[in-house]
Amino acid sequence: MGYLDNSTVTVDAILTKKGRELLARGDGSFKITQFALADDEIDYTLYNPSHPNGSAYYGEAIEAMPLLEAFPDETQIMKYKLATLPRGTARLPLLDLGFAAIRLKQGASLAITPQTLNYLGSSTAFEAGGYVATIADARVLSSFNGVGVNTADATALNSTTTLGTNVSKSVIGTSINLTATTVNTLFGANTQLQTTITVIGRDSGARLTIPVTIIKVNQ
């Protein structure tokens, strides 16, 4: 990890693990169709409306902050993505998955139905565009799919498969179904496998990451 010199405009682009996987296939499946912006490094408490030099200097400290160089760890970067919300929004939307953490025995299944709090003037709402769910290590699940959103991009993402290596997988739906792996060799000498699942509201931009634990069943 390093810092970028903010005296010049710099574009620092890298591929994520998933991006490298798709590029390695060489079948044309690597296509950039969307992008996101985030402000992970910004400390907004540095905004100073009392600056003695006037309004042009209120954000001087923020503008002088160094930026992190890109790195492909989805648990540490792009955590605070920018989103466009309706004018007059007083509170940021939050996700409720119904679980603070997920623990599944081998072969067990679970359905997650996310809800968005503080969205569109309602205390609780379901987003029409659905949710993107990303499992950080796809090996720990034997199946992982989203249902309820039938758009072309959702169908395309839900139909992708991984190479069986330690890579993430994303799906889209109003409900997310997951089934724990039954492959004993993944555990080695361990009794548990651990990863994370990240869910993002496609309309609100609200984001939540929780731990996932798969428990080995003695054979």
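Three strands form an open sheet in the order E3-E6-E7, and their pairing is antiparallel. The model is predicted. Strands of a sheet pair through backbone hydrogen bonds, either parallel or antiparallel.

**The sheet**

Strand E3 (94–96) and E7 stand at the edges of the sheet. Each has a single partner strand, so one side of each is left without a neighbour in the sheet. From one strand to the next, the twist averages 25°.

Look at the pairing of E6 and E7. These strands run in the antiparallel sense and are joined over three bridges. Which residue of E7 is the bridge partner of Leu 117? The partner is Thr 124.

Between strand E6 (115–119) and strand E7 (122–125) there is a loop, and Gly 121 lies in it. Is Gly 121 buried or exposed? Its relative accessible area is 88%, so Gly 121 is exposed. Exposed means over 50%. Gly 121 also has a counterpart elsewhere in the chain to compare with. The C-alpha atoms of Gly 121 and Thr 89 are separated by 8.1 Å, while the two residues are 32 residues apart along the chain.

**Helix H1**

Now turn to the helix. In H1, the buried residues include Lys 18, Gly 19, Glu 21 and Leu 22. Where do they sit around the axis? They cover an arc of only 160°, which puts them on the same side of H1. An α-helix has 3.6 residues a turn, so residues three or four places apart point the same way. Just after H1 comes Gly 26, which takes a positive phi of about 65°.

**Salt bridges**

How many salt bridges are there? The count comes to two. The table gives both.

| Arg 25 | Glu 21 | 3.3 Å |

Take the pair in H1 first. Arg 25 and Glu 21 are four residues apart in helix H1, so they are separated by about one helical turn. Arg 25 has a relative accessible area of 26%, so it is partly exposed. Glu 21 stands at 5% relative accessibility and therefore counts as buried. Buried means under 20%.

Arg 139 is partly exposed, with a relative accessible area of 32%. Asp 137, at 9% relative accessibility, counts as buried.

**The aromatic pair**

The structure holds one aromatic pair. The ring centres of Tyr 47 and Tyr 58 are 5.9 Å apart and the ring planes stand at 85°, so the pair is edge-to-face. The cut-off for that label is over 60 degrees.

Where in the chain are the two residues? Both Tyr 47 and Tyr 58 lie in the loop between helix H1 (17–25) and helix H2 (60–63), eleven residues apart. The pair links distant parts of the chain.

How accessible are the two? Tyr 47 has 46% relative accessibility, so it counts as partly exposed. Tyr 58 is partly exposed as well, with a relative accessible area of 22%.

Technical notes:
Residues numbered from 1 in each chain as written. Predicted model: local features only at pLDDT ≥ 70, side-chain atom pairs only at ≥ 80, totals over all residues. Heavy atoms only, no water. Phe/Tyr/Trp six-rings, centres within 6.5 Å; stacked < 30°, edge-to-face > 60°. Buried < 20%, exposed > 50% of the residue type's maximum accessible area, 1.4 Å probe, protein only. Arc of directions from axis to C-beta. Pairing = 2+ DSSP bridges. Axes fitted to C-alpha atoms, helices over the stretch in contact; angles between N-to-C directions. Salt bridge = Lys/Arg side-chain N within 4 Å of Asp/Glu carboxyl O.
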